[in-house]
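Open the model in your viewer and get ready to click along. We'll go stop by stop, picking something to select each time.

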Amino acid sequence: MRAFTSETSSTLLRLPPGTDLLDGLTSAAKDREITAAWVNVIGAVRKLTFGFYDQETKEYTTLTHDGELEIASAMGNVSMKDGDPFVHLHVVCSGTDGRAIGGHLMPGTEVFVAEVLFQTFRGEGPVREQDEDTGLALWPTD
Amino acid sequence: MRAFTSETSSTLLRLPPGTDLLDGLTSAAKDREITAAWVNVIGAVRKLTFGFYDQETKEYTTLTHDGELEIASAMGNVSMKDGDPFVHLHVVCSGTDGRAIGGHLMPGTEVFVAEVLFQTFRGEGPVREQDEDTGLALWPTD
Amino acid sequence: MRAFTSETSSTLLRLPPGTDLLDGLTSAAKDREITAAWVNVIGAVRKLTFGFYDQETKEYTTLTHDGELEIASAMGNVSMKDGDPFVHLHVVCSGTDGRAIGGHLMPGTEVFVAEVLFQTFRGEGPVREQDEDTGLALWPTD
């Protein structure tokens, strides 16, 4: 199996209120010239846009929650796609009753507070290439 | 954007049954003189106390589940606040039907099993200061 | 409190579609001779098998979702048990309506996409031993 192993350094930062979460993470990765990293985020949003990938139709369904939610968990990664750092993040959010929803983060998520960890690779990381079987841009497996 | 980058070392440990999860993590951080870290936890609790922050009223609603739950995910950080290590953790827990609930961890959560990772910064980390806009003690953004 | 602190190196890899998630992670750990690590995974599954541990009866209830789900979060660890690398992973998954379910990952979970981070200890990690109080194989606390 193809695997990418490296030393890492870690970065903590907070995205300001009003930032689009996906844009803010992507900008932070580009500003730091990150080509490969693991990402964790906790905080809260004013609005959430996320999706579910239909493995048959190979299309995302988009869901929107227009209101306050806690970011109970967000994890994912930065890797190169089409020559640029690309952020892939999955989120779990919860509302005032505690019930959790989750999925694939999409543009259209407004940060209230986002405390971010980038665990950045010093060495080479995987590169995303379009994969016909899944319909997604994925890392190599061999 | 203000960011804090450092080498890290990692620590694995288990909190004993009966420990208050937030107290146990805070004590572990203080004992190890951790001033900045990322934290992950999995395990199970006998009781969960967690909250949802109301962005308008700037107050937490507290929710309690008085019974067994899996800790499906817990992530957060340690940073300095008022001169002491301060733990900020968000949890996702699930019951016997698998349904997930989540939010901001509060005192009053009793550990059954807690397997903990501290990813500890060697260098300087962010410090929490009261922020008027959000009503929260937050890291600097610039 | 007993704790295990070490430098780490990090590995990114993708498990191919059709892999059993728990088997695939265990094989990857064995192939890399990992004795201690923290693990994060995001992606999607075609089928999920997970469990809830009953703290009184000391038995797992097994739940199965036979269909597509996003892996919104998966975290856990590798440590030695009975002389072999053992993977303990907790998952949060979500369906087309966004609702999240979670618990203890079991054999019988079929990968569609699994993007994996291993954060591997260079030094000694904890070893699991059977614990009478909880009925589980756990790390030492002292």
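Is C:Lys58 buried or exposed? Select C:Lys58 and look around: this residue is exposed, with 12 other C-beta atoms within 10 Å.

Before moving on, some housekeeping. Residues are numbered from 1 along each chain as its sequence is written, while chains are lettered from A and ligands numbered from 1 in the order in which they are written. What you see is a predicted model, in which local features need pLDDT of at least 70 and side-chain atom pairs count only at pLDDT 80 or more, while totals for chains, interfaces and linings use all residues.

**Stop 1: two loops in chain C**

Stay with C:Lys58. You'll find C:Lys58 in the loop between E3 and strand E4 (59-65) of chain C. Labels like these come from DSSP runs, numbered from the N terminus: helices are H or I with at least four residues, strands are E with at least two. Check the backbone too: phi of C:Lys58 is near 60°, a positive value in a residue other than glycine. Most residues other than glycine have a negative phi.

Now select C:Asp82, in the loop between E5 and E6 of chain C. C:Asp82 isn't a glycine either, yet has a positive phi of about 55°. C:Asp82 is exposed, with 10 other C-beta atoms within 10 Å.

**Stop 2: chain A on its own**

Hide the other chains for a moment. How many helices and strands does chain A have? Chain A has one helix and 10 strands. Starting from the N terminus, its elements go β-β-α-β-β-β-β-β-β-β-β. The radius of gyration of chain A is 15 Å, close to the 14 Å that the globule rule gives for 142 residues, so chain A is as compact as a globular protein of that length. (The radius is taken over C-alpha atoms, and the rule is 2.2 Å times the number of residues to the power 0.38.)

Buried residues make up 51% of the 142 residues in chain A. Two residues are in contact if their C-beta atoms, placed from the backbone, lie within 7 Å. Among contacts in chain A between residues at least 6 apart in sequence, 71% join residues at least 24 apart.

**Stop 3: where A meets B**

Bring chain B back. Here 29 residues of chain A are in contact with 38 residues of chain B. On the chain A side, the elements giving two or more residues include strand E2 (8-15) and strand E3 (37-54). The largest share, six residues, comes from E2(A). That side of chain A divides into 14 nonpolar, nine polar and six charged residues. (Ala, Val, Leu, Ile, Met, Phe, Trp, Tyr, Cys and Pro count as nonpolar, Asp, Glu, Lys and Arg as charged, and the others, Gly among them, as polar.)

Zoom in on E2(A): four bridges join E2(A) to strand E1 (residues 3-6) of chain B, and the two run antiparallel. Strands pair if DSSP finds at least two bridges between them. Click A:Ser10, whose bridge partner in E1(B) is B:Ser6.

**Stop 4: where C meets A**

Show chain C next. This contact takes 29 residues from chain C and 38 residues from chain A. E2(C) gives the most to the chain C side, with six residues. Strand E1 (residues 3-6) of chain A and E2(C) pair in the antiparallel sense over four bridges. Select A:Thr5 and its bridge partner in E2(C), C:Thr11.

**Stop 5: down the axis**

**Last stop: the core**

A nonpolar core is a set of buried Ala, Val, Leu, Ile, Met, Phe, Trp, Tyr and Cys residues joined through C-beta atoms within 7 Å. The largest one has 132 residues, and those touching the most other members include A:Val39, B:Ile71 and C:Cys93. Finish on B:Ile71: leaving aside neighbours within four places in sequence, its contacts include B:Val41, B:Val91 and, over in chain C, C:His90.

Technical notes. Buried ≥ 20, exposed ≤ 12 C-beta atoms within 10 Å, placed from the backbone.
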